[in-house]
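Visitor: I have not looked at this one before. Can you walk me through it?

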Amino acid sequence: MKKTIAAMAVLYAMSLGAAAQSGITLYGIVDAGVTRVSGNGSGGNRTSVEAGQMQVSRWGVRGVEDLGNGLKARFGLESTLLNDTGVAGVATGTPSNTSLFDREATVGIAGPFGSLDMGRQNILGVQSVGLADPMGLAFAATSPNVLFAAMNHAGVYGPYGANNGGTALRQNNSVRYVSPIWHGAGFALMHGFGEQAGDAEKSTYQGASAFYNNGALAVAGAYARLKNVTNTDRLASHAYGIKYTTGVAVLKSTWAQNRLESTGRKITIVGVGVDVPASPALTLTGAFYNTRRSGDLSDESRQYIFIARYGFSKRSTGYLSLGRATTDSVVSASQINLAQGFVPVGSDAANRFTVGLMHSF
């Protein structure tokens with residue numbers, strides 16, 4: 001705790017001088033909503049104030065230094081902010097440890113060759129599903145694309161990759177290369193080092209992605225392979241997204257699947273959605289997700305989401321959302337809940353109503 005307080009004090013002191021240092025930026029998102037969830041079983045109903053509904057609340061510091069000849073050194077430090085309780089950072093790893101900069105902790109260099117960053121950072125599949133996620137990565141704590149396509153469910157994906165038992169969405173000890181952009185197209189490569197004695201393949205992450213974003217059309221795809229700590233099992237993941245902007249709406253679709261080699265378990269996520277600008281300030285979003293388990297057991301879940309966002313200004317947005325989730329069977333505590341955080345244990349359906357406010361700085 002003392003170390004965390006000291007670190008925050010240092011960063012606060014840095015932020016006071018940020019305006020005078022052209023290469024330093026302090027930024028963040030503070031988002032909170034009042035949510036009412038009603039299940040149809042023994043899980044009961046609940047009303048809560050929850051942080052990070054439209055976008056995960058966060059704060060961070062970025063720095064860039066011009067080295068000349070087109071080269072720039074840079075760093076990024078970013079922390080989850082649980083502003084409903086005031087906690088910064090979330091617990092990750094085995095044994096569990098609260099990491100202040102759980103979202104990003106990197107240093108790197110960028111230039112005409114592209115960019116190279118080292119440290120803790122997102123897997124490449126996040127960019128693929130994030131590009132065209134039907135909800136725009138809203139409701140991250142219950143989103144099928146975040147939990148399963150981007151492998152942010154620690155209970156399901158924690159044993160694989162260089163994340164030390166935490167969420168596989170971000171990888172420790174990783175190196176990521178992103179190519180220059182040619183007419184909207186590029187690619188990326190990433191390796192997470194397991195740092196286990198005796199076998200360089202233990203607890204590793206390897207990923208590759210390609211993307212195109214130019215004009216009305218945006219497409220991205222990624223592949224990843226993650227090993228467990230004994231190098232006896234492998235998790236393979238594919239994630240793809242496509243977005244098309246018309247004069248009246250933005251159409252979005254994603255498909256992702258990850259397969260566990262030892263059991264043959266496959267989790268497949270399909271998402272479709274549309275954003276409709278009803279006015280310069282108001283955007284209406286409709287989204288649908290289907291999450292299916294196969295290969296070892298059979299299970300399926302569906303989510304239907306409606307979101308209305310109203311921009312009071314460039315930095316402040318009010319929102320209202322209605323959602324419904326269903327599962328094929330009543331959720332038990334021992335199974336993988338494909339509607340994690342939405343349908344409670346003891347239920348097979350739930351409705352959700354949320355109203356909230358998001359502010360960025």
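Guide: What follows is a short tour of a predicted model, taken topic by topic.

Visitor: Start with the inside. Which residues of the largest nonpolar core touch the most other members?

Guide: They are Phe 148, Met 151, Tyr 157, Tyr 205, Leu 226 and Leu 235, out of 28 residues in that core. Elements that give two or more residues to this core include helix 2 (125–132), helix 3 (144–149) and strand 13 (217–227).

Visitor: And what other core lies apart from it?

Guide: Another core, of 18 residues, lies apart from the largest one, and Ala 138, Ala 287, Tyr 319 and Ala 325 are among its residues.

Visitor: Back to Phe 148. What does Phe 148 touch?

Guide: Not counting residues up to four places away in sequence, Phe 148 touches His 153, Val 156, Tyr 157, Asn 258, Ile 267, Ile 269, Thr 291, Ile 336, Asn 337 and Leu 338.

Visitor: New topic, charges. How many salt bridges does the structure hold?

Guide: There are 11 salt bridges. In one of them, Glu 201 pairs with Lys 227, with the closest N and O atoms 3.2 Å apart. That pair links distant parts of the chain, since Glu 201 is in the loop between strand 11 and strand 12 and Lys 227 is in strand 13, 26 residues apart.

Visitor: Are Glu 201 and Lys 227 buried or partly exposed?

Guide: Glu 201 counts as partly exposed at 27% relative accessibility. Lys 227 is at 11%, which is under the 20% limit, so Lys 227 counts as buried.

Visitor: Which residue forms a salt bridge with Lys 252?

Guide: Asp 275 does, and the closest N and O atoms are 2.8 Å apart. Lys 252 lies in strand 15 and Asp 275 in strand 16, so the pair ties together parts that are 23 residues apart in sequence. Both Lys 252 and Asp 275 are buried.

Visitor: What about Arg 302, which residue does it pair with?

Guide: Arg 302 forms a salt bridge with Asp 328, the closest N and O atoms being 3.1 Å apart. Arg 302 is in strand 18 and Asp 328 in the loop between strand 19 and strand 20. Arg 302 is buried at 18% relative accessible area, whereas Asp 328 is partly exposed at 48%. Salt bridges that share partners join Arg 292, Glu 300, Arg 302 and Asp 328 into one network.

Visitor: Where is Glu 300, then?

Guide: Glu 300 is in strand 18 (residues 299–311). Glu 300 counts as buried at 16% relative accessibility. Its side chain makes a polar contact of 2.6 Å with the side chain of Asn 290.

Definitions and conventions:
Residues numbered from 1 in each chain as written. Predicted model: local features only at pLDDT ≥ 70, side-chain atom pairs only at ≥ 80, totals over all residues. Heavy atoms only, no water. Helix = DSSP H or I, 4+ residues; strand = E, 2+ residues; numbered from the N terminus. Buried < 20%, exposed > 50% of the residue type's maximum accessible area, 1.4 Å probe, protein only. Polar contact = N/O pair within 3.5 Å; in protein donor to acceptor, adjacent residues only side chain to side chain. Core = buried A, V, L, I, M, F, W, Y, C linked by side-chain atoms within 4.5 Å. Contact = heavy atoms within 4.5 Å. Salt bridge = Lys/Arg side-chain N within 4 Å of Asp/Glu carboxyl O.
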